[in-house]
Amino acid sequence: MKATKSLQRQLVYGLTLGMVVLWLVATAVSGLVLRHELDEAFDNAMQETAQRILPLAVMEILNREEGTTAQQVASLNTQQDGFTYQVRDKQGNVLLQSQGISATEFGNQPILGFTTTTTHRLYGASALSDTVFLQLAEPLSHRREAALDAAISLLWPLAFLIPFSLLGIWLFVRFSLRGVLSYRHAIEARGAGNLSPIHTEELPTEITPIADAVNRLIERLRNALETERRFTANSAHELRTPLAATLAQVQRLRREAPEGPLQLRAAQIEASLKELSRLSEKLMQLAKAEGGGLLSEVPQDLAVLLGHVVHDLQRIANNPIHLTLPSTGAVFSLIDPDAFAILARNLIENALKHGADGSAVEVGLSDGACFSVVNAGHIVPASELTQLTQRFVRGGSRAEGFGLGLAIVSTIAQGVGAELTVASPATGRAEGFEVCVQFARASSEAI
Ligand SMILES: Nc1ncnc2c1ncn2[C@@H]1O[C@H](COP(=O)(O)OP(=O)(O)OP(=O)(O)O)[C@@H](O)[C@H]1O
Ligand SMILES: [Mg+2]
């Protein structure tokens with residue numbers, strides 16, 4: 001089965017990822033704009049610095065006794081800004097330069113205005129009718145560093161934003177989906193047999209049509225099950241009455257008939273009708289077991305139901321029935337009372353019918369809702385045992401039957417989610433037959 005994805009998780013991760021991507025794009029765009037602005041500001045600063053240095057440099061050169069000797073001067077506060085400068089005459093002789101510079105930065109011939117080399121940004125200006133040239137150089141790495149610092153300062157907030165956004169979106173989505181969550185809990189909390197409409201407030205507009213459709217489906221299912229249940233009950237009743245009437249007529253005929261072949265034939269018809277009546281009863285039970293109404297909406301006390309069944313059978317049984325009920329007195333489960341009675345009746349009848357003559361039948365119901373029927377008798381081989389729950393399959397028993405009892409029990413158990421175990425020999429015995437049905441317990445409160 002395909003693993004389902006949490007909508008909440010998808011929204012949380014999706015929105016946070018979207019926010020991070022948008023932030024990164026915004027940072028990249030801002031970085032580019034910032035770089036451009038920084039370049040402009042740095043260029044302005046270079047130009048201003050050059051304009052301040054140039055008159056001072058000219059004065060210095062003019063006041064000099066030996067005009068053409070190159071002279072290194074201490075910084076004019078330009079080192080702080082990362083600038084270096086060089087003053088040259090028309091022939092390219094260096095007249096003045098700042099300390100610690102390499103001549104290669106400035107090229108062979110001074111160029112006026114801004115130029116960029118692979119490592120530096122240069123600015124050239126001239127004075128004294130283009131006889132003195134000043135060049136200012138600034139390392140490009142200086143500008144790159146400044147731009148990088150600015151970009152990093154823009155990225156820092158992400159470190160706080162990601163966890164806050166994860167938490168914030170998670171809380172917000174959870175708050176927004178509270179209607180859907182309460183709808184889910186409402187469905188989960190109800191018992192399997194509860195087919196009443198699901199009502200939850202505050203469902204989002206997108207989910208309301210789904211909830212309405214589910215309610216309509218439940219309603220249709222409920223009607224279908226109800227119809228089926230009614231049909232099964234009515235059919236059983238309708239068939240039972242004419243069969244009973246015919247049987248009564250045949251019995252009367254037999255009594256009234258003179259001794260001889262007619263009475264014998266009437267007796268045969270009576271036996272056949274009785275068998276037909278039993279078969280119709282079993283088929284009705286099977287129809288009920290296969291129908292949908294096996295679960296009850298209200299928890300049923302199995303101890304009470306079992307008490308009634310055992311009491312009924314005790315009157316017609318040849319063997320004694322020992323009933324052990326739970327110590328707590330009541331065990332609740334969500335099973336239709338009729339379905340439970342059919343199941344219990346079939347199992348106890350089997351034990352009475354197929355068990356060893358005169359031996360007691362042990363019927364028990366544990367606190368954990370485990371219903372068991374144990375009887376003495378021959379061991380049923382394991383290979384045979386597994387087939388017995390199939391329809392019209394009978395074991396080695398000589399007692400009458402159609403092979404439907406255990407099939408009915410198995411179908412009911414499956415329908416109510418109970419676990420059926422058939423064992424021979426019975427647990428703790430050397431022989432005998434044991435059937436256990438483990439029901440799911442339910443709380444005694446009505447749902
Ligand atoms: N308590 C039991 N002890 C011994 N054998 C059993 C017991 N219950 C069932 N069996 C064996 O399993 C077979 C199938 O049982 P099942 O109840 O399905 O049919 P049946 O009792 O023969 O007929 P039906 O229940 O339809 O009247 C029986 O024929 C019998 O051989
Ligand atoms: Mg049977």
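A: **The surroundings of ligand 1**

In this predicted model, ligand 1 is surrounded by 19 residues, and the closest of them are Asn 350, His 354, Asn 375, Arg 394 and Leu 404. By type, the shell around ligand 1 consists of seven nonpolar, nine polar and three charged residues.

Two helices each supply at least two residues of this shell: helix 7, which runs over 337-354, and helix 9, which runs over 405-416. Helix 7 gives the largest share, with four residues.

At Asn 375, a polar side-chain atom lies 2.7 Å from a nitrogen atom of ligand 1. Taken on its own, ligand 1 has 590 Å² of accessible area, and the protein covers 96% of that. The space that ligand 1 takes up is the largest pocket.

Next come two loops. The loop between strand 10 (361-365) and strand 11 (370-375) contains Ala 369. The phi angle of Ala 369 is near 65°, which is a positive value in a residue other than glycine. Another loop, between strand 12 (419-423) and strand 13 (433-438), holds Pro 425. The peptide bond that joins Ser 424 and Pro 425 is cis, with omega at about 0°.

Last, the cysteines. A disulfide is a covalent bond between the sulfur atoms of two cysteines. The count of disulfides in this model is zero. Cys 370 is in no disulfide, and the nearest cysteine sulfur to its own, that of Cys 436, is 4.6 Å away. Cys 436 is likewise in no disulfide, with the sulfur of Cys 370 as its nearest cysteine sulfur, at 4.6 Å.

How values were computed
Residues numbered from 1 in each chain as written. Chains lettered and ligands numbered in written order. Predicted model: local features only at pLDDT ≥ 70, side-chain atom pairs only at ≥ 80, totals over all residues. Heavy atoms only, no water. Near = heavy atom within 4 Å. Polar contact = N/O pair within 3.5 Å; in protein donor to acceptor, adjacent residues only side chain to side chain. Areas by Shrake-Rupley, 256 points an atom, 1.4 Å probe, with all protein chains shown as cover. 1 Å grid on protein atoms, 1.4 Å probe; cavity = no way out; pocket = protein on both sides within 12 Å on 5 of 7 lines; lining within 4 Å. Sits in = over half its atoms within 2 Å of the grid points. Nonpolar A, V, L, I, M, F, W, Y, C, P; charged D, E, K, R; others polar. Disulfide = S-S within 2.5 Å.
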